[in-house]
Each structure stands twice: as structure tokens, then as C-alpha cells.
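Here's a quick briefing for anyone meeting this structure for the first time. Have a look at the model, then go through the notes below.

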Amino acid sequence: MPPMQTLWSLTTLHLGRTVRVYDALPSTNTLTLELAGDRANAGVALLARTQSAGRGQHGRSWQAPPESSVLLSVLLYPPAELRRPALVTGWAAVSVCETILKLANLQAKIKWPNDVLILGKKVCGILIEQRTVDSSLATVVGIGLNVSQSADMFAQAGLPDACSLAMMGAPPLDYETVAKTLLTELDTQYDALLQGDAHTLKTQWKWRLGLLGKQVHVESVHGDLFGRVLDMTFTGIDLETAPGEVRRILPETVLHITAT
Ligand code: BT5
């Protein structure tokens with residue numbers, strides 16, 4: 001176990017009551033997954049100043065210079081009705097967007113399934129990993145949110161489509177302040193879900209995705225589909241593929257959706 005630098009204790013309800021802050025980790029998600037075997041760790045959050053092996057999906061890497069970003073993972077054991085990856089990702093993405101609005105007064109958009117963009121550039125990526133522990137599903141929510149990198153830093157890293165809050169005109173922010181605000185937002189939104197209110201999150205998620213009524217190209221594990229988005233929920237996307245013909249698509253089968 002790498003040496004821990006600090007321990008925070010936020011006055012939240014479900015997550016972030018314990019935040020382990022590390023100077024350096026290979027990956028906050030990897031260490032959080034190791035903690036998932038013990039349910040006493042429910043709600044714990046891990047924050048790193050820097051990662052040596054930050055991970056994206058499908059073996060891709062996440063790059064961030066030290067102290068430039070929020071590099072955060074949270075461990076939860078959601079009840080059965082809150083386990084769907086689409087919902088968990090939507091909850092994290094909406095919480096990131098609301099945090100950005102609060103701290104930087106910027107409107108971010110969600111790019112299906114797990115990116116948050118400002119003016120078309122990626123400011124945040126989300127990595128959800130789930131493991132069965134006894135009979136419950138441990139869910140690790142990893143969030144990388146760029147705070148202070150410059151355009152030059154992204155160009156040098158070969159990431160021309162990335163941005164940070166600073167680049168988009170946010171006031172000076174440090175990654176610790178952003179992490180605390182984000183954890184509080186995640187907690188508030190999670191509490192609403194536990195109280196049975198998934199409607200508010202769904203409405204925010206749909207608006208931030210911006211796909212309702214649009215003609216889209218859906219790339220799914222079953223192949224490509226084209227049509228107009230009639231509705232979106234965490235359990236299905238209704239796509240009008242021809243006049244009067246509506247297909248319901250499982251969100252977890254969808255790799256990308258792009259407006260055409
Ligand atoms: C993601 O994957 O976007 C999820 C990234 C999750 C990172 C967090 S950091 C804390 C926690 N611990 C971890 O080890 N991971 C999580 P994906 O959709 O596969 O996107 C990865 C791609 O985003 C890379 O291949 C690059 O093209 C790009 N990328 C890498 N670093 C970036 C950055 N800082 N900002 C924007 N894009 C980046």
C-alpha cells in the first residue's frame with residue numbers, strides 16, 4: 001500500500017466521508033478496486049496528486065501532469081436499481097457538469113458514454129469498473145477532470161482535443177478545491193437517487209447529452225443504426241429508424257452516438 005499523504009473527512013452523507021489523498025499512485029481506480037473486498041470501505045474516495053499508470057477504457061491511458069487535475073475514484077455498493085453502468089456513468093457525468101457550472105460558470109456537455117466536453121473539447125473522462133463482492137456489486141467510479149493544464153501541455157502530450165477549466169476561462173482553481181466540490185455534488189446527486197428520484201438526474205443527463213430529436217448515427221455492439229432520437233432513459237434509447245418504426249436500444253450496447 002503506497003504511503004498516504006493526508007486524510008480528509010467531508011461532511012457528506014454517503015461518499016467522501018473518508019478521502020485518502022495520495023502524493024502518487026499508479027492509478028486511483030486500481031487501488032480502490034483493491035479496497036472493494038471489504039464493505040467497510042463503502043463510500044471511500046481516493047485522490048492522487050499524480051498517477052504513473054492512469055487508465056482509460058479498453059487499456060487506453062489517462063495523462064495528467066502532477067497537481068493539474070482531479071484524479072479521483074470513489075467506491076460504492078449501489079442498490080440493485082442503481083447499478084446500471086449507464087446510470088452510474090450518467091450520475092458521475094452530470095455531477096462533473098454541475099461542478100464545472102458552480103466553480104467556473106461554464107456549461108459542459110456529455111459525449112456518450114463517458115466524456116465531458118467544453119466547447120467540443122474533452123475536459124473529463126470517467127471510468128466505471130464493477131466487481132461482484134459476495135452478493136453485492138462493488139462499483140468504482142474513476143474521474144479525471146482537467147483543471148489547470150495549458151493548451152501547450154496538451155499539444156506536447158499529443159492531446160489536441162483536450163482542454164482544462166483554466167483554458168476555458170475558469171477563475172484560478174486548485175485540484176483539491178475542485179475535488180471537494182465534485183465529491184459534495186456526487187454525494188448530493190447520489191442521495192437523490194437513493195431517495196428514489198432518478199427523474200431529476202435523467203432530465204439533466206438528457207439535456208447535457210443534447211441528442212433528443214436529433215438525427216444520429218448509433219454505433220452499437222450489434223452494428224450501426226441511423227435514426228432520430230425520440231427519447232432517452234437509463235434503460236433504453238428510442239430511435240425512430242423509419243417513419244413509424246421505433247427501435248429500443250439498450251444503453252450498454254451503445255459504443256458511440258453522433259449527431260449526423
Ligand atoms: C476515459 O477513458 O476517458 C476515462 C479516463 C478516466 C481517468 C480517471 S483518473 C482517476 C481514475 N484512475 C484511473 O486510472 N482512471 C480514472 P477513454 O474514454 O478510454 O479515453 C482515454 C483517451 O482520452 C486517451 O486515449 C486519450 O486520447 C485521451 N486522454 C488522455 N488523457 C487525457 C486528458 N488528461 N484529457 C483529455 N483527454 C485525455
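Let's start with helix 5 (residues 199-209), where L201, W205, K206, R208 and L209 are buried. Seen down the helix axis, these buried residues fall within an arc of 165°, so they line one face of helix 5. Keep in mind that this is a predicted model, where local features need pLDDT of at least 70, side-chain atom pairs count only at pLDDT 80 or more, and totals for chains, interfaces and linings use all residues. Residues are numbered from 1 along each chain as its sequence is written, and side-chain values use heavy atoms, with hydrogens and water left out.

- "Buried" here means under 20% relative accessible area, "exposed" means over 50%, and "partly exposed" is in between (1.4 Å probe, protein chains only).
- Helices (H or I, at least four residues) and strands (E, at least two) are DSSP runs, numbered from the N terminus.
- The arc is taken from the directions that run from the helix axis to the C-beta atoms.
- Among the elements covering the buried residues of helix 5 are helix 2 (85-104), strand 5 (109-111), helix 4 (175-194) and strand 10 (223-232), with contact meaning heavy atoms within 4.5 Å.
- Just after helix 5 comes G210, with a positive phi of about 65°.

**The ligand**

- The ligand has 27 residues around it, and the closest are S27, R55, R60, Q63 and K122; a residue counts if one of its heavy atoms lies within 4 Å.
- A polar backbone atom of R55 is 2.7 Å from an oxygen atom of the ligand.
- An N or O atom in the side chain of R60 is also 2.7 Å from an oxygen atom of the ligand.
- N146 has a polar side-chain atom 2.9 Å from a nitrogen atom of the ligand.
- Taken alone the ligand exposes 790 Å², and the protein buries 90% of that (areas by the Shrake-Rupley method with a 1.4 Å probe; for residues, only the protein chains shown count as cover).

**Q149**

- You'll find Q149 in the loop between strand 8 (136-146) and helix 3 (151-156).
- Q149 counts as buried because its relative accessibility is 2%.
- Leaving out residues up to four places away in sequence, Q149 touches A64, P65, S68, S69, F154, S164 and M167.

**Salt bridges**

- There are 10 salt bridges in the structure, each a side-chain nitrogen of Lys or Arg within 4 Å of a carboxyl oxygen of Asp or Glu.
- R49 and E67 form one, with their closest N and O atoms 2.8 Å apart.
- R49 lies in strand 3 (residues 45-51) and E67 in the loop between strand 3 and strand 4 (69-76), so the pair ties together parts that are 18 residues apart in sequence.
- D23, R49 and E67 are linked in a network of salt bridges.
- K206 is buried because its relative accessible area is 17%, whereas D231 counts as partly exposed at 25%.

Definitions and conventions:
A polar contact is a pair of N or O atoms within 3.5 Å; within protein, one must be able to donate a hydrogen and the other to accept it, and residues adjacent in sequence count only if both atoms are side-chain atoms.
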